[in-house]
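Here are some notes for a colleague who is meeting this structure for the first time. Please read them with the sequence and the structure side by side.

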Amino acid sequence: MEAQNNSYCPYSHFKVGAALLTANGAVFTGANVENVIYGSSVTAAEVAVYKAVSEGEQTFSAIAVMSSGGDFAYPCGSDRQKISEFGLDTRVVVSNGSEMKVTTIRDLLPNSFGPTDLA
């Protein structure tokens, strides 16, 4: 929830925060960052993944995502693919502010294309 405070969303006014837990117990947060050219915007989950990987972490345990929209904000398809690169069993926790739901990337991205498909 705190990560939303760092959101830069002057166009959508839709704040999203994410917290990524690695297998080593480290936590990396992210917030969405919009750009006037929408395709150049980045999501909160994407920021958290990139921060973790750039710090040498490549095994994820869980990611939590929350938005200012008042509903459950699951990672988008592109984020699901990025997270799946580092483990289909990564738990995904979403909250609408009063309740939480937990699933996995495997469940959110069935029949995914991954590194083993290139072997």
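1. Leaving aside residues up to four places away in sequence, Val92 touches Ile63, Pro75, Lys101, Val102, Thr103, Thr104, Ile105 and Leu108. Please keep in mind throughout that this is a predicted model.

2. Strand 4 pairs with strand 5 (residues 100-104) in the antiparallel sense, and the pairing runs over 5 bridges. Within it, Val94 stands opposite Lys101 in strand 5. The hairpin made by strand 4 and strand 5 has 4 residues between the strands, and in this hairpin Gly97 takes a positive phi near 105°.

3. Which residues of helix 2 are buried? They are Asp79, Arg80, Ile83 and Ser84. Seen down the axis of helix 2, these buried residues fall within an arc of 135°, and therefore they line one face of the helix. As for their surroundings, the buried residues of helix 2 pack against helix 1, strand 3 (60-67) and helix 3.

4. How many salt bridges does the model contain? The count comes to 2 salt bridges, and one of them joins the side chains of Glu46 and Lys82, with an N to O distance of 3.4 Å. This pair links distant parts of the chain, since Glu46 lies in helix 1 (residues 44-54) and Lys82 in helix 2 (residues 77-84), 36 residues apart. Glu46 counts as buried because its relative accessibility is 13%, under the 20% cut-off, whereas Lys82, at 21% relative accessibility, counts as partly exposed.

5. In another salt bridge, the side chains of Asp89 and Arg106 meet at 3.1 Å, N to O. Here too the pair links distant parts of the chain, with Asp89 in the loop between helix 2 and strand 4 (91-95) and Arg106 in helix 3 (residues 105-108), 17 residues apart. Asp89 is exposed, its relative accessible area being 54%, while Arg106 counts as partly exposed at 40% relative accessibility.

Technical notes
Residues are numbered from 1 along each chain as its sequence is written. This is a predicted model: local features need pLDDT of at least 70, side-chain atom pairs count only at pLDDT 80 or more; totals for chains, interfaces and linings use all residues. Side-chain values use heavy atoms; hydrogens and water are left out. A salt bridge is a side-chain nitrogen of Lys or Arg within 4 Å of a carboxyl oxygen of Asp or Glu. Helices (H or I, at least four residues) and strands (E, at least two) are DSSP runs, numbered from the N terminus. Buried means under 20% relative accessible area, exposed over 50%, partly exposed in between (1.4 Å probe, protein chains only). The arc is that of the directions from the helix axis to the C-beta atoms. Contact means heavy atoms within 4.5 Å. Two strands pair if DSSP finds at least two bridges between them.
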